[in-house]
Amino acid sequence: MTHDEVEILYVEDDARDVELTLAALRLGRIANRIQVASDGAKALDFLFCRGTYAGRQFLAPKLVLLDMKLPKVDGLEVLHAIREDERTKLVPVVVLTSSNEQKDIVESYKLHVNSYILKPVDFDQFQQVVKQVGLYWMVVNQTPLPESSSAPQKTQEAAGS
């Protein structure tokens with residue numbers, strides 16, 4: 001796998017949650033190309049091809065799974081950066097977190113998060129939730145092609161001339 005071909009960027013600092021999530025996604029055969037970032041700064045470096053990833057050709061992931069409580073750069077800042085950049089603003093972002101703080105939920109939706117999911121404490125429920133999230137966002141949901149977000153839109157008047 002090259003770093004250019006990532007289907008899911010998973011931003012999580014808890015190694016146990018990473019292990020459980022990757023196992024659930026692989027068991028469900030949902031995604032083969034998953035990049036894990038253990039903090040918000042690494043996630044932004046990966047997404048925007050800087051730092052360690054400066055040589056990476058930019059290619060947005062199909063999905064970002066994002067924890068809220070991260071070292072260096074928190075989840076809200078990562079989400080804000082994703083939504084501010086033309087290349088990534090349409091990438092689906094699902095917050096998968098243990099934070100039930102209303103301010104995090106409200107701010108996430110203000111920043112156009114696609115979904116905010118609390119991590120179940122129970123192992124089996126956690127795996128089931130991850131599997132369902134993966135199936136929905138990677139198989140069922142339709143997203144625009146990468147070129148669609150930057151292509152100028154023709155107005156009906158211009159198209160008819």
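**Strands, loops and salt bridges in a predicted model**

Q: In this predicted model, which residues point one way from strand 3 and which the other way, and are they buried or exposed?
A: The side to which Leu63 and Leu65 point from strand 3 is opposite to that of Val64 and Leu66. Buried here stands for a relative accessible area under 20%. On both sides of strand 3, the four residues Leu63, Leu65, Val64 and Leu66 are buried.

Q: What is the order of elements along the protein chain, from the N terminus on?
A: The protein chain has six helices and five strands. Read from the N terminus, these elements run β-α-β-α-β-α-β-α-β-α-α.

Q: Which residue of strand 3 is the bridge partner of Tyr10?
A: Strand 1 covers residues 8–11. It pairs with strand 3 in the parallel sense, over four bridges. In strand 3, Tyr10 has as its bridge partner Leu65.

Q: Which residue of strand 4 is the bridge partner of Val64?
A: Strand 3 also pairs with strand 4, residues 93–97. This pairing is parallel and has three bridges. In strand 4, the partner of Val64 is Val93.

Q: What share of the contacts between residues at least 6 apart in sequence joins residues at least 24 apart?
A: The protein chain has 161 residues, and 43% of them are buried. Among its contacts between residues at least 6 apart in sequence, the share joining residues at least 24 apart is 67%.

Q: Where does Cys49 lie, and is it buried or exposed?
A: Cys49 is not a glycine, and its phi is positive, near 55 degrees. It is found in the loop between helix 2 (40–47) and strand 3 (63–66). Because its relative accessible area is 14%, Cys49 counts as buried.

Q: Where is His112, and is it buried or exposed?
A: His112 also has a positive phi without being a glycine, at about 65 degrees. It sits in the loop between helix 4 (102–110) and strand 5 (115–118). Because its relative accessible area is 57%, His112 counts as exposed.

Q: How many residues apart in sequence are the parts that Asp104 and Lys69 tie together?
A: Side chains of opposite charge can pair when their charged atoms come close. In the salt bridge between Asp104 and Lys69, the closest N and O atoms are 2.9 Å apart. Asp104 is in helix 4, whereas Lys69 is in the loop between strand 3 and helix 3, so the parts tied together are apart in sequence by 35 residues.

Q: Which of these two counts as buried and which as partly exposed, Asp104 or Lys69?
A: Asp104 has a relative accessibility of 3%, so it counts as buried. For Lys69 the value is 41%, so Lys69 counts as partly exposed.

Q: Which residues are linked with Asp104 in a network of salt bridges?
A: The structure holds 13 salt bridges. One of them joins the side chains of Glu101 and Lys103, at 3.6 Å from N to O. Glu101 is partly exposed, with a relative accessible area of 37%, while Lys103 is exposed at 53%. The residues linked with Asp104 in the network are Lys69, Glu101 and Lys103.

Q: What separates Glu107 and Lys110 in helix 4?
A: Glu107 and Lys110 form a salt bridge, with 3.6 Å between the closest N and O atoms. Glu107 is partly exposed, with a relative accessible area of 32%, and Lys110 is exposed at 57%. Because they are three residues apart in helix 4, the separation is about one helical turn.

Q: What accessible area does the nonpolar patch of Leu135, Tyr136, Val139 and Val140 have together?
A: Val140 is in helix 5, residues 123–140. Its relative accessibility is 54%, so Val140 counts as exposed. Together, Leu135, Tyr136, Val139 and Val140 form a nonpolar surface patch with an accessible area of about 360 Å².

Q: What share of the accessible surface belongs to carbon and sulfur atoms?
A: The protein chain has an accessible surface of about 9300 Å². Of this surface, the share belonging to carbon and sulfur atoms is 51%.

Definitions and conventions
Residues numbered from 1 in each chain as written. Predicted model: local features only at pLDDT ≥ 70, side-chain atom pairs only at ≥ 80, totals over all residues. Heavy atoms only, no water. Helix = DSSP H or I, 4+ residues; strand = E, 2+ residues; numbered from the N terminus. Buried < 20%, exposed > 50% of the residue type's maximum accessible area, 1.4 Å probe, protein only. Contact = heavy atoms within 4.5 Å. Areas by Shrake-Rupley, 256 points an atom, 1.4 Å probe, with all protein chains shown as cover. Patch = residues over 30% accessible without salt bridge, like charges linked within 9 Å, V, L, I, M, F, W, Y side chains within 5 Å. Salt bridge = Lys/Arg side-chain N within 4 Å of Asp/Glu carboxyl O. Pairing = 2+ DSSP bridges.
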